[in-house]
Amino acid sequence: MVDSLRGNAAVVGVGLTEFTGMPGMNHMEIMAVAVERAIADAGIDKSEIDGIFSANFVELLTPLTVAEYFGLNPTYMDGTNTGGSVFVNSVQSAAAALTLGLCNVALICYGSNSATGKFTHPPAMRTVEDVYKPRNPISPYALAANRHMHEFGTTREQLAEVAVSARKWAQLNPAANMRDPLTVQDVVNARMIVDPLGLLDCCLVSDGGAAMIMVRKERARDFPKKPVYMLGVGSRTDHNLISAMPDLTTTAAKPAAEAAFAMAGVTPADIDVVELYDAFTINTILFLEDMGFCEKGQGGEFVSNGNIAPGGSLPVNTNGGGLSCVHPGMYGMFLMIEAVQQLRGECGDRQVADANLAACNGNGGFLASQVTAVFGTEETL
Amino acid sequence: MDNNKEITNPGPLQTYEDNLAKGVFRIQQCRDCGSHVFYPRQLCNHCGSSELKWVDVTGRGTVYSTSTVRRRPEKGGDYNISLIDLEEGPRMMSQVMGMDPEDVVIGMEVSAHVGLIDDQPAVVFYDKEQGDKEW
């Protein structure tokens with residue numbers, strides 16, 4: 001009986017594409033660019049990959065497509081789809097599969113041409129919400145934002161602070177899509193999409209691919225790059241439709257983060273860098289509260305005055321996030337790779353000094369799936 | 001548990017929609033735990049029982065959250081999307097009608113009507129004060 005996944009598996013390779021448009025490439029071709037880079041980063045042969053973890057919004061049977069595309073015969077496949085959080089969920093599954101010996105080299109991968117390609121979804125189940133025409137995915141987040149404003153007095157200016165902080169990080173990241181200066185007034189005055197969320201409260205729609213390779217800790221030091229260990233993970237959900245969410249101001253990131261921090265044996269105060277799924281500005285506020293970086297209801301105040309921007313007390317979304325760096329349909333992979341690169345010390349102008357512990361939270365569906373993972377350097381094992 | 005319980009067709013979702021088509025808004029209630037259940041299900045999402053019966057509702061509810069979807073006038077203009085807490089307990093998505101969408105506020109008391117959205121029967125809500133207004 002394995003009593004914990006703490007430190008059992010490590011990330012030894014990551015790969016990212018450019019985040020600008022890649023017209024004429026399909027999602028698999030974009031994914032392949034990232035996979036090639038992750039394989040090179042890990043210094044392995046692709047034939048060593050025997051675990052595949054992959055999902056997207058454009059096709060079913062994704063692990064089969066991935067195995068075929070790369071000419072692999074995996075011993076373990078996971079095509080779970082919990083929305084954009086799924087790749088953080090994959091880290092949990094991969095760590096478990098590696099621990100049990102179901103696979104030896106796990107590939108977690110994603111690619112999307114959502115900016116330049118035709119973005120279509122497989123048929124979804126009809127629901128009782130459809131007739132009302134919510135503008136998904138924005139409407140559910142707008143409903144959560146409005147409820148948060150109602151209960152805690154959170155303001156549009158405070159939501160805007162999230163976007164402004166993300167932009168300041170993006171200005172330090174040459175790979176980020178949006179690097180022009182941005183002010184709170186710019187965000188508040190932008191065209192309204194679904195009240196209270198305006199255009200600049202919403203994430204980008206970009207192309208992009210990302211891939212990550214994980215192995216058991218026994219092998220983790222045998223690769224060219226500094227290993228980054230998974231120290232803790234927690235995956236929770238409490239609804240799918242937004243009308244079934246018990247409390248629109250508290251997400252399942254609360255129990256997910258509690259589980260992840262407990263497994264890692266750390267507290268929010270120990271964390272050096274935080275990477276959250278900022279599909280909308282309200283997300284960052286909700287997750288900072290739910291994960292325990294501030295009290296419930298204090299998130300608006302916490303993100304203000306540059307507190308999560310470069311130079312602030314807590315570095316959050318250091319690549320520029322989904323709001324200013326990249327958001328190709330599902331963002332969970334990209335926030336984890338930023339955490340890995342921060343812990344490796346590879347982040348150039350945006351590098352957080354002495355970063356040893358990173359907390360990631362993936363969000364899926366309409367605030368529905370929440371998966372927190374804590375990553376750490378060798379020193380934190 | 002009765003493993004030989006008769007399965008009744010159509011299923012709960014179709015039954016809900018058939019009721020709406022007749023202008024009737026009914027939801028389920030669990031015979032075992034007493035909870036009201038929405039959206040319509042085969043099993044009670046509170047206790048797991050399959051002993052669900054259809055019941056009338058008061059139609060009274062409270063706006064739990066609200067938003068305005070911005071849409072160009074030529075496509076029909078702005079419209080409201082709200083979450084309504086029914087007096088019986090369940091929460092549902094709906095539209096609050098009969099007023100400017102941005103005038104809908106959290107905590108407002110509303111009443112249900114079965115109307116049509118794009119020719120499809122749907123439960124919509126009006127400000128309680130004008131609840132009996134025909135539309």
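Modeller: Let's begin with Lys133(A), which counts as partly exposed because it has 16 C-beta neighbours inside 10 Å. On this scale a residue is buried if 20 or more other C-beta atoms lie within 10 Å of its own, exposed if 12 or fewer, and partly exposed in between, with C-beta atoms placed from the backbone. Please keep in mind that this is a predicted model, in which local features need pLDDT of at least 70 and side-chain atom pairs count only at pLDDT 80 or more, while totals for chains, interfaces and linings use all residues. Residues are numbered from 1 along each chain as its sequence is written, and chains are lettered from A and ligands numbered from 1 in the order in which they are written.

Lys133(A) has a positive phi of about 55 degrees, although it is not a glycine. Most residues other than glycine have a negative phi, and most peptide bonds are trans. The loop that holds Lys133(A) runs between strand E4 (105–112) and H4 of chain A. Helices (H or I, at least four residues) and strands (E, at least two) are DSSP runs, numbered from the N terminus.

Axes are lines fitted to C-alpha atoms, for helices over the stretch in contact, and angles run from 0 to 180 degrees between N-to-C directions. Angles under 35 degrees count as roughly parallel, over 145 as roughly antiparallel, 65 to 115 as roughly perpendicular and the rest as oblique. From H4(A), Tyr141(A), Ala144(A), Ala145(A) and His148(A) meet Ile282(A), Ile285(A) and Leu286(A) of H8(A). The residues of this contact of H4(A) with H8(A) divide into 6 nonpolar, 1 polar and no charged.

H8(A) has another helix against it: H5 (residues 156–170) of chain A packs with H8(A) at about 95 degrees, the axes being 8 Å apart. H5(A) and H8(A) are therefore roughly perpendicular to each other. Leu159(A), Ala160(A), Val162(A) and Ala163(A) in H5(A) meet Thr281(A), Ile282(A), Thr284(A) and Ile285(A) in H8(A). The contact of H5(A) with H8(A) has 6 nonpolar, 2 polar and no charged residues.

Back to the backbone. Leu367(A) is another residue other than glycine with a positive phi, near 65 degrees. Leu367(A) lies in the loop between strand E10 (357–364) and strand E11 (369–376) of chain A, and it counts as buried because it has 31 C-beta neighbours inside 10 Å. A cis peptide bond, with omega about 5 degrees, joins Asp195(A) and Pro196(A). Pro196(A) sits in the loop between E5 and strand E6 (197–198) of chain A.

Finally, the surroundings as a whole. Chain A has 11 helices and 11 strands. Buried residues make up 62% of its 381 residues, and its C-alpha trace spans about 50 × 45 × 40 Å along the principal axes. Chain B has 1 helix and 9 strands; 29% of its 135 residues count as buried, and its C-alpha trace spans about 55 × 30 × 25 Å along the principal axes. Chain B holds a cis peptide bond too, between Phe38(B) and Tyr39(B), with omega about 5 degrees. Tyr39(B) is in the loop between strand E2 (36–37) and strand E3 (52–56) of chain B.

Note on methods:
Two residues are in contact if their C-beta atoms, placed from the backbone, lie within 7 Å. Ala, Val, Leu, Ile, Met, Phe, Trp, Tyr, Cys and Pro count as nonpolar, Asp, Glu, Lys and Arg as charged, and the others, Gly among them, as polar.
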